[in-house]
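Here are my notes on the model you sent. Please read them with the coordinates open.

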Amino acid sequence: MQERRPVAPVAAKRYALVGGVAAAVVVADQLSKWWAVDRLSRGPITIVGDIRLALTHNSGGAFGLGSGFVPMVVLAVVALVVVLFVVGRSIDRAAIAVALGLVLGGALGNLADRVFRAPGFGRGAVVDFVDLRRWPVFNVADAAITCGCILLLLMSFSRSRAER
C-alpha cells in the first residue's frame, strides 16, 4: 500500500485560498440573488443612465442560449467544479488561486440555482439582475467567472513572458 504524502504548507495555503474565495463568491452570489428576488420582483431599479437592476430568470445556458441542454450544462459544471477542486491543490501563485476561486465560486453559485430553483432539480432557472442594457443580464456568479477567466488569461501571458 502506498503511503500518502501530506500537502506542502504553501500548497495547503493556496488550496485554502481557492476554497475561501469560492466560498465568499457563493455567499455573495446567493445573498444578492435572494435580495434580487425579494426586492426586484416589485420592479427594476435604475442605478445611473442605462444601468439598472432588473430581475430575470435564465432557464438556458450562457446568455440564455441552449435551454434544451440545461441538464448537460449542469453535468458539465459539476465536472468543471471537480476539475477546479483537484487543480486547486497544485497552484504555485496566489493570483492563480484567487482566479480559480472566482471561477469555482461562480460555477457553484449558478449550479446551486440549477439544482435548487424551480422548475426542479437540474432544470432550475438562474437568477440574473444586473442589466447594462447593452449586454445580457448577469449576476455576481457570472461576474466572478468572467473576472476569474480574465485573471487566468492575464496570468498566462505573464507566465509565458517570465519563462522566455
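1. Surface. Accessible areas come from the Shrake-Rupley method with a 1.4 Å probe; for residues, only the protein chains shown count as cover. On that basis the chain exposes about 10,100 Å², and 68% of this belongs to carbon and sulfur atoms.

2. Basis. The model is predicted: local features need pLDDT of at least 70, side-chain atom pairs count only at pLDDT 80 or more, and totals for chains, interfaces and linings use all residues. Residues are numbered from 1 along each chain as its sequence is written, and side-chain values use heavy atoms, with hydrogens and water left out.

3. Layout. The chain has 4 helices and 3 strands. Helices (H or I, at least four residues) and strands (E, at least two) are DSSP runs, numbered from the N terminus. Along the sequence the pattern reads α-β-β-α-α-β-α.

4. Strands. Two strands pair if DSSP finds at least two bridges between them. S1 (residues 45-48) and S2 (residues 51-58) are antiparallel, with 3 bridges. Isoleucine 45 has leucine 53 in S2 as its bridge partner. The two strands form a hairpin with 2 residues between them, and glycine 49 in the turn has a positive phi of about 55°. S2 also runs antiparallel to S3 (residues 126-131), joined by 5 bridges. There, histidine 57 stands opposite valine 127 in S3.

5. Of the 164 residues, 34% are buried. Buried means under 20% relative accessible area, exposed over 50%, partly exposed in between (1.4 Å probe, protein chains only). Take contacts (heavy atoms within 4.5 Å). Among those between residues at least 6 apart in sequence, 68% join residues at least 24 apart.

6. Cores. A nonpolar core is a set of buried Ala, Val, Leu, Ile, Met, Phe, Trp, Tyr and Cys residues joined through side-chain atoms within 4.5 Å. The largest has 12 residues, among them Val18, Leu84, Leu100 and Met155. H1 (9-40), H2 (70-87) and H3 (94-116) each supply at least two of its residues. H3 gives the largest share, 6 residues. A second, separate core of 7 residues includes Ala36, Leu40, Val127 and Phe138.

7. Tyrosine 15. This residue lies in H1. Is tyrosine 15 buried or partly exposed? Tyrosine 15 is partly exposed, because its relative accessible area is 25%. Tyrosine 15 and leucine 100 are 85 residues apart in sequence, yet 9.9 Å apart in space, C-alpha to C-alpha.
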